[in-house]
2 protein chains.
Amino acid sequence: MSDSSSVTTGSASPARAAQKSAVVLLSGGLDSATVLAMAIAEGYQCDCLSFDYGQRHATELQFASDLAVALGARTHRVVSIDLGSFGGSALTDMDIAVPTDDPGGIPVTYVPARNTVFLSYALALAEVTGAMDIFIGVNAVDYSGYPDCRPEFISAFETMANLATRVGVEGHRLTVHSPLIDLTKAEIIRRGVSLGVDYSQTVSCYQLGTDGSACGECDSCRIRKQGFMDAKVQDPTLYR
Amino acid sequence: MSDSSSVTTGSASPARAAQKSAVVLLSGGLDSATVLAMAIAEGYQCDCLSFDYGQRHATELQFASDLAVALGARTHRVVSIDLGSFGGSALTDMDIAVPTDDPGGIPVTYVPARNTVFLSYALALAEVTGAMDIFIGVNAVDYSGYPDCRPEFISAFETMANLATRVGVEGHRLTVHSPLIDLTKAEIIRRGVSLGVDYSQTVSCYQLGTDGSACGECDSCRIRKQGFMDAKVQDPTLYR
């Protein structure tokens, strides 16, 4: 992926201009790849959005970029966000010091209010493209500890979104789709396989190698491995 | 303002560590300066947040930075956001082309889903600092055309925010304060003057000079001028 280069996918042809469009949050992981395939299968022209928040970005964002093209997205944007500076680990863009009683010990990988921020950007893009649909691959099964992976959060965001922008006020209805929210990893994998997702193009590992290889041992790798086993689908992941 | 420099204000002393804290959205304008003064008057230690989204930033953010120090904020952060790339005017960070049927003509200054994005960052910072209060200077009088300046939007954001983060789930209640929402410009100015806000340190002009001087003619200048007249307060703005 190159931030400044431009590649037009075949699906952006004028003949499909009247097709409904959606904004899809795409991380390069297994879940969001499946969501993108689902949205495309439902007939949406998909404008994908990934975030560069300072970690693992080169490799992970390359997966996202390749997936967007492979699955037939209309566009893919990478937005840089510097939420990392809030976590006490990369204190940039400040002109008054953070007090020393700030909470410490927050890992670099931590993204505060993560799904709220991601969905807000999706809403901003939807406002520009005219999309009435946003897709996000949150899952309440694997991530039960995260408040912003629950159906009630998604529903509250949708309500807020419809009050935030002109489309909602004008009587249209913006929908936030979270089609994986109640699925197990095995169900997600089976769904993706049926839609032709090549999971070797997706990445889950927290300790991804620069060559794209997965460690096979971190929490995320173990959930993924188990998912393929439970789904009785051969795991195409490149483990090192 | 220098993004990398650090200045500690007097109010960050350990003696006030037990004081309640708030995140305050600060633009460098008249409204948010008043809100910051109100939050400080209510006893909050204030962590301010400004956004650099590519327009007028050097001068406007300098006003925000100076205001944060002058009014006694605890910290001030400037977060860079590249929402501008959504508007079709500064197409950076893309690796598939935007289709040619994208809506055009959106001005550079337009920020889609603006208050949703700003409040999401405020929520992220609140999650890190432990603040249970967010202040935003939205006003439904001057900006009646904007859906995200209405009380029902603020209320829906607050509901969503309490479902999005651990604090809300744990039974605490995060509050989004918009104390100016029903005030006229004159009422805002009178309130700020009573709290000691020096409005010469604030900026409203859409065509601000590099020396900080205002044009006196744009919509924003005219609303501001009228506000000082109605409030019967001498207008300290530097007009060119």
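This is a predicted model: local features need pLDDT of at least 70, side-chain atom pairs count only at pLDDT 80 or more; totals for chains, interfaces and linings use all residues.
Residues are numbered from 1 along each chain as its sequence is written, with chains lettered from A and ligands numbered from 1 in the order in which they are written.

**Exercise 1. The sheet of chain A**

Work out in what order the strands of chain A form the open sheet, and which strands stand at the edges.

Step 1: Start with the inventory. Chain A has seven helices and five strands; helices (H or I, at least four residues) and strands (E, at least two) are DSSP runs, numbered from the N terminus. Along the sequence they follow the pattern β-α-β-α-β-α-β-α-α-β-α-α.

Step 2: Place the strands. The five form an open sheet in the order E3-E2-E1-E4-E5, with parallel pairing. Two strands pair if DSSP finds at least two bridges between them.

Step 3: Find the edges. Strand E3 (75–80) and strand E5 (175–177) of chain A each have a single partner strand, so one side of each is left without a neighbour in the sheet. From one strand to the next, the twist averages 25°.

Step 4: Zoom in on one pair. Strand E1 (residues 21–25) and strand E4 (residues 133–135) of chain A are joined in the parallel sense over three bridges. Ala22(A) has Asp133(A) as its bridge partner in E4(A).

**Exercise 2. Helix H3 of chain A**

Decide how many residues of H3(A) are buried, and check the length of the helix against the span it should have.

Step 1: Locate the helix. H3 (residues 114–129) of chain A lies across E1, strand E2 (45–52), E3, E4 and E5 of chain A, and runs at about 160° to E1(A). Axes here are lines fitted to C-alpha atoms, for helices over the stretch in contact, and angles run from 0 to 180 degrees between N-to-C directions.

Step 2: Check the length. The expected span is 1.5 Å times one less than the number of residues. The 16 residues of H3(A) should therefore span 22 Å, and the end C-alpha atoms are 23 Å apart, which agrees.

Step 3: Check burial. A residue is buried if 20 or more other C-beta atoms lie within 10 Å of its own, exposed if 12 or fewer, and partly exposed in between, with C-beta atoms placed from the backbone. In H3(A), 16 of the 16 residues are buried, so the helix is largely enclosed by the rest of the structure.

Step 4: See what follows. After H3(A) comes Gly130(A), with a positive phi near 85°.

**Exercise 3. Contacts of Ala122(B)**

Name the residues in contact with Ala122(B), leaving aside its neighbours within four places in sequence.

Step 1: Apply the rule. Two residues are in contact if their C-beta atoms, placed from the backbone, lie within 7 Å.

Step 2: List the partners. They are Val23(B), Leu25(B), Leu49(B) and Ile134(B).
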